[in-house]
Amino acid sequence: MRQTTIQNEVHCSGIGLHSGKEVSMSLHPAEADTGVIFRRLDVPGNRSEIPALFDHVVDTRLCTTLANDRGTSVSTVEHLMAALSGCQIDNVIVTISGSEVPIMDGSAGPFVSLIECAGIVELDSPRNIIQILHEVSVNEENGRATISPTDHQRSSLNINLNIDFENAAIGYQTFFINLSSWSFKQDICHARTFGFLEDVEALRQAGLAQGGSLDNAIVISENEILNKDGLRYDDEFVRHKVLDCIGDLYLAGKQIAGCFSGDRTGHGIHNKLLRCLFADREAWRLVPMDELTEIRAPHWNVESQRAIA
Ligand SMILES: [Zn+2]
């Protein structure tokens with residue numbers, strides 16, 4: 001019910017999926033109400049900080065890119081954001097030596113390990129969360145997303161996501177999760193990003209996917225998975241899309257109490273949904289997490305009494 005940060009500073013390094021450049025990254029403890037802030041070490045101090053917030057998203061093609069109003073950017077933030085959300089870290093400063101978060105193994109697993117190494121501490125401030133009060137939707141030609149209130153004033157986020165690819169190696173997959181630290185670590189965090197070999201040449205010519213390999217992505221050619229060890233879960237593709245969704249939604253700046261439902265969504269739709277949500281002042285409220293739990297108890301009692309009657 002209280003805000004958290006990490007206990008100790010921790011470091012990792014790796015390459016950027018799109019830049020192909022080696023970067024080092026550290027997570028540092030932060031005070032209550034800091035949120036998540038990226039700090040570029042290769043940029044002068046007065047323009048180095050980029051808040052991890054939905055209204056700082058400047059690009060959603062292939063990955064989520066944040067920038068500050070001085071034009072300093074950091075890209076591929078979504079898997080780290082998913083790990084921070086999944087581990088329920090409210091406050092952290094992320095220092096980084098370049099413009100792209102390292103891709104590691106293509107999942108959020110290495111970031112979860114890093115956070116577990118750092119340890120988690122509670123701070124002496126209540127955790128406020130975003131409670132969804134009425135439904136908000138985004139419908140696009142290629143996908144749609146909805147966020148709606150939970151039943152019974154629950155304080156958690158439910159995600160229900162479908163993907164539908166023509167490629168037979170993926171096809172139609174669906175996944176539901178009631179998000180908690182446990183379910184995130186068990187069911188989502190190890191799912192890797194994926195791509196099609198047929199697209200790699202064009203991406204590389206466009207200066208993207210320079211660091212992509214079988215070490216950090218599932219690669220599909222025609223209907224075959226090229227990674228020799230195969231998949232980590234039978235439905236790893238939809239689980240990774242859920243991971244991306246968790247990371248993108250954490251750019252709300254706080255945990256969300258609500259139900260997300262998505263059909264063939266991506267970073268762009270996730271960001272549009274947050275922008276629509278926050279543009280509608282009646283659709284949400286900020287509430288101390290323990291207040292939701294207090295409301296929940298009598299609500300449940302009323303229901304169970306009805307059930308008995
Ligand atoms: Zn991803």
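This report describes the fold, helix packing, core and selected residues of a predicted model.

## Basis of the model

The structure is predicted: local features need pLDDT of at least 70, side-chain atom pairs count only at pLDDT 80 or more, and totals for chains, interfaces and linings use all residues. Residue numbers start from 1 along each chain, following the sequence as written.

## Overall fold

The protein chain holds seven helices and 20 strands. Both are DSSP runs numbered from the N terminus: helices are H or I with at least four residues, strands are E with at least two. The radius of gyration is 19 Å, close to the 19 Å that the globule rule gives for 309 residues, so the chain is as compact as a globular protein of that length. That radius is taken over C-alpha atoms, and the rule is 2.2 Å times the number of residues to the power 0.38. The C-alpha trace spans about 65 × 50 × 35 Å along its principal axes.

Of the 309 residues, 42% are buried. Buried means that 20 or more other C-beta atoms lie within 10 Å of the residue's own; exposed means 12 or fewer, partly exposed is in between, and C-beta atoms are placed from the backbone. Contacts are counted between residues whose C-beta atoms, placed from the backbone, lie within 7 Å. Among contacts between residues at least 6 apart in sequence, 75% join residues at least 24 apart.

## Nonpolar cores

A nonpolar core is a set of buried Ala, Val, Leu, Ile, Met, Phe, Trp, Tyr and Cys residues joined through C-beta atoms within 7 Å. The largest one has 74 residues. Ala83, Val242 and Ile246 have the most contacts inside it. Helix 5 (residues 236-249) gives this core its largest share, seven residues. Another core, of five residues, lies apart from it and includes Ile15, Leu17, Ile103 and Met104.

Which residues does isoleucine 246 touch, not counting those up to four places away in sequence? They are Ala82, Ser85, Gly86, Ile159, Leu179 and Ile188.

Two packed helices are described by the angle between their axes and the distance between the axes. Axes are lines fitted to C-alpha atoms, for helices over the stretch in contact, and angles run from 0 to 180 degrees between N-to-C directions.

Helix 1 (residues 78-86) packs against helix 2 (residues 109-118) at about 45°, with the axes 8 Å apart. His79, Leu80, Ala83 and Gly86 in helix 1 meet Phe111, Val112 and Ile115 in helix 2.

Against helix 5, helix 1 packs at about 80°, with the axes 7 Å apart. These two helices are therefore roughly perpendicular. On the helix 1 side the contacts come from Glu78, His79, Met81, Ala82, Ser85 and Gly86. They meet Leu243, Asp244, Ile246, Gly247 and Asp248 in helix 5.

## Helix 2 and what follows

Helix 2 is mostly covered, with seven of its ten residues buried. These are Gly109, Pro110, Phe111, Val112, Leu114, Ile115 and Ala118. The cover includes strand 1 (2-6), strand 2 (10-15), strand 3, helix 1 and helix 3 (181-188). Just after helix 2, glycine 119 takes a positive phi of about 85°.

Isoleucine 120 belongs to strand 10 (residues 120-126). Is this residue buried or partly exposed? Isoleucine 120 is partly exposed, because 15 other C-beta atoms lie within 10 Å. Beyond neighbours within four places in sequence, isoleucine 120 contacts Thr4, Ile6, Gln7, Cys87 and Ile89.

## Loop residues

Aspartate 33 lies in the loop between strand 3 (22-29) and strand 4 (36-40). Its phi is near 65°, a positive value in a residue other than glycine. With 11 C-beta neighbours inside 10 Å, aspartate 33 counts as exposed.

Leucine 62 sits in the loop between strand 6 (57-59) and strand 7 (65-67). Phi of leucine 62 is also positive, near 70°. Leucine 62 counts as partly exposed because it has 19 C-beta neighbours inside 10 Å.

Aspartate 229 is in the loop between strand 18 (224-225) and helix 5. Aspartate 229 has 7 C-beta neighbours inside 10 Å, so it counts as exposed. Aspartate 229 and valine 242 are 13 residues apart in sequence and 22 Å apart in space, C-alpha to C-alpha.

Methods
Two residues are in contact if their C-beta atoms, placed from the backbone, lie within 7 Å. Angles under 35 degrees count as roughly parallel, over 145 as roughly antiparallel, 65 to 115 as roughly perpendicular and the rest as oblique.
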